[in-house]
Amino acid sequence: MFYDWDSFWRATAASIFTYSTIHHFISRFNSSKDVRYRWKNNNIATSFIHSTISSIISIYLFIENPAMCTTDIISSFTRHAYSFVSFELGYFIFDSIDNIRNLSGRHTFEILLHHIIIIGCFGISLYLGRYIGYCVISLFIEINSIFLHLRQLFLFSNKSKCDQIYRINNIINLGTFVVFRFGIVTFMEVWLIMNRSNVPLILSFIGHSGLLIMTIINGYLFYRLIRSDYSVKHQ
């Protein structure tokens, strides 16, 4: 049985309902006749809202209980943190379903692989009632996702890459990418190695495998960003 079944299912269900509602609300203001374009725009806008909410709450939870993300990552967490990770699980379930319903090639596969890893790891932590702080740490990556999704929204609105606001967002995007994607994943990997005696072998294997896949996905995404925004032939 889950560590806190009531908090888990309520927060997860509330999240799926919340983001389904947000997605539906956004779609009412999108008049594009291109079905694929309209869905993609709606999906990215919903993801942008999620990233913003997730980042703010992650920072709040860190301030509320710093030990959860620093000195006692395995067992220290608050009820708020448990509910928050459950709520995040709901978003990734919602977005996985949304992407499956609107398959768009290789990009969809990358997103689904990313989401499956998160759903699996979050699910294990929520079931055990341990490593909740580890999950919260991983969600700091959403700080970069704010600017990553904002970049896509700029492109959807046909904003020129030479536009000043696009360039400013691009610089922040790349900076936060290094700090909150490469940096957080590196921290999580180092922590897992240093605490290998405190983490069961199967969970350690799952953690290392997930982080390896995340590193590959992030590396390829970073390469695509550089190639798209800085390669001469793409200017």
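The model is predicted. Helix H1 packs against H3 with the axes 7 Å apart and against H2 with the axes 9 Å apart. The largest nonpolar core holds 47 residues, and a further core of 5 residues lies apart from it.

**Packing of H1 with H3**

- Helix H1, residues 5–27, meets helix H3, residues 79–101, at an angle of about 45°. H1 is therefore oblique to H3.
- The crossing of H1 past H3 is right-handed.
- On the H1 side the contact is formed by Ser 7, Phe 8, Ala 11, Thr 12, Ala 14, Ser 15, Ile 16, Thr 18, Tyr 19, Ser 20 and His 23. H3 contributes Arg 79, Tyr 82, Ser 83, Ser 86, Phe 87, Leu 89, Gly 90, Tyr 91, Ile 93, Phe 94 and Asp 98.
- The contact of H1 with H3 comprises 11 nonpolar, 9 polar and 2 charged residues.

**Packing of H1 with H2**

- The angle between H1 and H2 is about 130°, so H1 is oblique to H2.
- H1 also passes H2 in a right-handed crossing.
- From H1, the residues Tyr 19, Ile 22, His 23, Ile 26 and Ser 27 take part. They meet Trp 39, Asn 42, Asn 43, Ala 45, Thr 46, Ile 49, His 50 and Ile 53 of H2.
- By class, the contact of H1 with H2 has 7 nonpolar residues, 6 polar residues and no charged residues.

**Nonpolar cores**

- Within the largest nonpolar core, the residues that touch the most other members are Ile 132, Tyr 134, Val 136 and Trp 191.
- Two or more residues of this core come from each of H1, H2 (35–64), H3, H4 (106–128), H5 (132–138), H6 (142–156), H7 (164–194) and H8 (201–230). H3 gives the most, with 9 residues.
- Beyond its neighbours within four places in sequence, Trp 191 contacts Ile 73, Ile 74, Tyr 131, Tyr 134 and Val 199.
- The separate core of 5 residues includes Leu 148, Leu 174, Phe 177 and Leu 221.

**Asn 99 in H3**

- Asn 99 belongs to helix H3. The residue counts as buried because its relative accessibility is 0%.
- Leaving out residues up to four places away in sequence, Asn 99 touches Trp 39, Asn 43, Thr 108, Ile 111 and Leu 112.
- Of these partners, Trp 39 and Asn 43 are also among the H2 residues that meet H1.

Notes
Residues are numbered from 1 along each chain as its sequence is written. This is a predicted model: local features need pLDDT of at least 70, side-chain atom pairs count only at pLDDT 80 or more; totals for chains, interfaces and linings use all residues. Side-chain values use heavy atoms; hydrogens and water are left out. Axes are lines fitted to C-alpha atoms, for helices over the stretch in contact, and angles run from 0 to 180 degrees between N-to-C directions. Helices (H or I, at least four residues) and strands (E, at least two) are DSSP runs, numbered from the N terminus. Angles under 35 degrees count as roughly parallel, over 145 as roughly antiparallel, 65 to 115 as roughly perpendicular and the rest as oblique. A crossing is left-handed if the near helix is turned anticlockwise from the far one by less than a right angle, and right-handed if clockwise. Contact means heavy atoms within 4.5 Å. Ala, Val, Leu, Ile, Met, Phe, Trp, Tyr, Cys and Pro count as nonpolar, Asp, Glu, Lys and Arg as charged, and the others, Gly among them, as polar. A nonpolar core is a set of buried Ala, Val, Leu, Ile, Met, Phe, Trp, Tyr and Cys residues joined through side-chain atoms within 4.5 Å. Buried means under 20% relative accessible area, exposed over 50%, partly exposed in between (1.4 Å probe, protein chains only).
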